[in-house]
Amino acid sequence: MEIEKVLHMNKGVDDTSYATNSLIQRTVTTQAGPIIEESIKEVYTTLRPECFMMADMGCSSGPNAFLLVSRIIDIIDEASRGINRQCPQFGVFLNDLPGNDFNGLFNQLSSFEKDLEEGKGRSFGPCFVSGVAKSFYGRVFPDKFLHFVHSSYSLHWLSQVPRGLVNENGEALNKGNICVAKTSPPEVHKAYYEQFKRDFTLFLRSRSREMVFGGRMVLIFLGCSNSNEPDSLMELLGSTLHDMVLEGAIEPEKLDDFNIPFYNPTVEEVRQLVEAETSFALDNLETITIGWSMDTSQDLETRAKFAAKSLRVVTEALLETTFSHAVMDDLFLRFKARIKERIVVKDGEYVNIVLSVTMKE
Ligand SMILES: C[S@@+](CC[C@H](N)C(=O)[O-])C[C@H]1O[C@@H](n2cnc3c(N)ncnc32)[C@H](O)[C@@H]1O
C-alpha cells in the first residue's frame, strides 16, 4: 500500500467529514496557543522580515487551517505595533498529501480574505496563500525559505507501514491488532519505532534546509505516556475489528495483514531524536492531555459517538483499502459500543506532544 497515495482525511463537509469532526485537533491547538504565540513573537521580532514566510505541514481541510493562519497573523500584527513597525507581507503555504481535499480547503479562502480585509483594512499585508501537495517526509521548499513552520496532528502518521511486521516464515507478527497494542510482541514495537525514527529525522532534516537561521517550528502530534503500556483509541479500533473476525464478519487474514502507519512516541523518544538530528535547539517540550470524548458532562451515548467519529474521519480511507466500504457503518457502530463500555469505567486520554524548536546557526 502506497500511503502517500491513499492517506487522506474524509473529504467534504458532511456529517462524516474531517471538516465537521476535527474539534479535538482544534481544541489541542488552541490549548497550545501560548507556546505558538511565544514562538512566533520571538522569530518575528528577532528576524523582522519584510515578508513573513510560514508553512502548515499536514493542513488537511476544514476550519482548522485558516483559524491557525488568522491567529498567526494577529500575533504578528500585534507584535509589529509593539515594535513600531509596519506589519509585513505574508507568504502562507498550506501543505498536505496530494489526496487531500484542497478544493474544500480553498473554498474557504475567499471568506478568510474577506475577514482579513474587514478586520485589518485594505492596505494590510497582503497575505499570499498557496497549497503545496507533497509529502513532508522530504524536501518541499527551497533553501532558507521559511521563518515559521507549524504542524498539528500529522507527524504521528508514518510514511509507510513499517517493514518487519512478519517473521521469517512470512507469518504476521501483529495478529489481531492494527497498531502497537498491549498484545503486540516487542518486535512490532521496535519496527514501528524504527520507522518513526527514520521519518521524524527526515522531517527535521528537510525542514532544517528550508528554514532560515533563527526560524522557529511548533509541532503538535499524538504521543503516549509510557511505551510499555499502549492505550490508544486506535488499539480499541483494532479490538473491534478482531471482534468482527471472531464473528465471521471479516476474514482473519485481512486483519492479520493490516497495520496502520501510525505511531505514538514518548516525550523521551522525541527529545532524543531532536537532539540526535542536531539542527534545532529545543525550546519547549511538553504534553497536553485531553479525553477521547472531550466533554464529560454529556451523556455516554453522545460521548462515545463523538469519539468514534473523531477516529472514523481520519482512518476510513486507509481501512477501506483492505476491508470493504460495506462494513464501515457496522464497524463504527460496534466501535462506538466498545468505547461506551470503556469510558463508563474511565475515559481514555489522548496524550499530545507539543514541541517548539529554533533553527540553529
Ligand atoms: C488529522 S489531520 C490534521 C489536520 C490539521 N493540521 C488539524 O490540526 O486539524 C492530519 C493531516 O496530515 C496529513 N499528512 C499525513 N502524512 C503526511 C505527509 N507525509 N505529508 C503531508 N501531509 C501528511 C494527512 O493527509 C492529514 O490531512
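**Close-up views of a predicted model**

**View 1. Surroundings of asparagine 264.** Leaving aside neighbours within four places in sequence, asparagine 264 is in contact (heavy atoms within 4.5 Å) with His156, Leu222, Gly223, Cys224 and Ser232. The model is predicted, so local features need pLDDT of at least 70, side-chain atom pairs count only at pLDDT 80 or more, and totals for chains, interfaces and linings use all residues. Residues are numbered from 1 along each chain as its sequence is written, and side-chain values use heavy atoms, with hydrogens and water left out. Asparagine 264 belongs to the loop between α9 (252-257) and α10 (267-277). Helices (H or I, at least four residues) and strands (E, at least two) are DSSP runs, numbered from the N terminus. With a relative accessible area of 14%, asparagine 264 is buried. Buried means under 20% relative accessible area, exposed over 50%, and partly exposed in between, for a 1.4 Å probe and protein chains only. Between the C-alpha atoms of asparagine 264 and cysteine 59, which are 205 residues apart along the chain, the separation is 19 Å.

**View 2. Serine 152 and tyrosine 153.** Serine 152 is found in strand β4, and tyrosine 153 in the loop between β4 and α7 (186-210). Serine 152 is buried, at a relative accessible area of 17%. Not counting residues up to four places away in sequence, serine 152 touches Thr29, Asp56, Met57, Gly58 and Ile220. Tyrosine 153 is buried as well, with a relative accessible area of 9%. The phi of tyrosine 153 is positive, about 60°, although this residue is not a glycine. Most residues other than glycine have a negative phi.

**View 3. Lysine 144 in its loop.** Lysine 144 lies in the loop between β3 (127-133) and β4 (146-152). Its phi is near 45°, a positive value in a residue other than glycine.

**View 4. Glutamate 349 in strand β7.** Strand β7 spans residues 349-359 and contains glutamate 349. A relative accessibility of 47% makes glutamate 349 partly exposed. Glutamate 349 touches Thr289, Ile290, Gly291 and Trp292, when residues up to four places away in sequence are not counted. Glutamate 349 and serine 225 are 124 residues apart in sequence, and their C-alpha atoms are 9.9 Å apart in space.

**View 5. The largest nonpolar core.** A nonpolar core is a set of buried Ala, Val, Leu, Ile, Met, Phe, Trp, Tyr and Cys residues joined through side-chain atoms within 4.5 Å. The largest one has 78 residues, of which Phe52 and Phe90 touch the most other members. Helix α4 (residues 63-82) gives the largest share of this core, 9 residues. Apart from this core lies another, of 37 residues, among them Phe141, Tyr193, Phe203 and Leu204. Phenylalanine 90 touches several residues, including Cys51, Phe52, Ile73 and Phe128, not counting residues up to four places away in sequence.

**View 6. Packing of α4 and α6.** Two packed helices are described by the angle between their axes and the distance between the axes. Axes are lines fitted to C-alpha atoms, for helices over the stretch in contact, and angles run from 0 to 180 degrees between N-to-C directions. Helix α4 and helix α6 (residues 109-120) pack at an angle of about 25°, with axes 11 Å apart. The two helices are therefore roughly parallel. Angles under 35 degrees count as roughly parallel, over 145 as roughly antiparallel, 65 to 115 as roughly perpendicular and the rest as oblique. Phe66, Val69, Ser70, Ile73, Asp74 and Asp77 of α4 make the contact with Leu109, Phe112, Leu116 and Lys120 of α6. These residues divide into 6 nonpolar, 1 polar and 3 charged. For such classes, Ala, Val, Leu, Ile, Met, Phe, Trp, Tyr, Cys and Pro count as nonpolar, Asp, Glu, Lys and Arg as charged, and the others, Gly among them, as polar.

**View 7. Crossing of α8 and α12.** The axes of helix α8 (residues 233-246) and helix α12 (residues 328-343) come within 9 Å and cross at roughly 120°. These helices are therefore oblique to each other. Their contact comprises 9 nonpolar, 2 polar and 5 charged residues.

**View 8. Meeting of α2 and α3.** Helix α2 (residues 23-31) and helix α3 (residues 33-47) have axes that come within 4 Å and cross at roughly 55°. This angle makes α2 oblique to α3. Thr29, Thr30 and Gln31 in α2 meet Gly33, Pro34 and Ile36 in α3. By class, the contact has 2 nonpolar, 4 polar and no charged residues.
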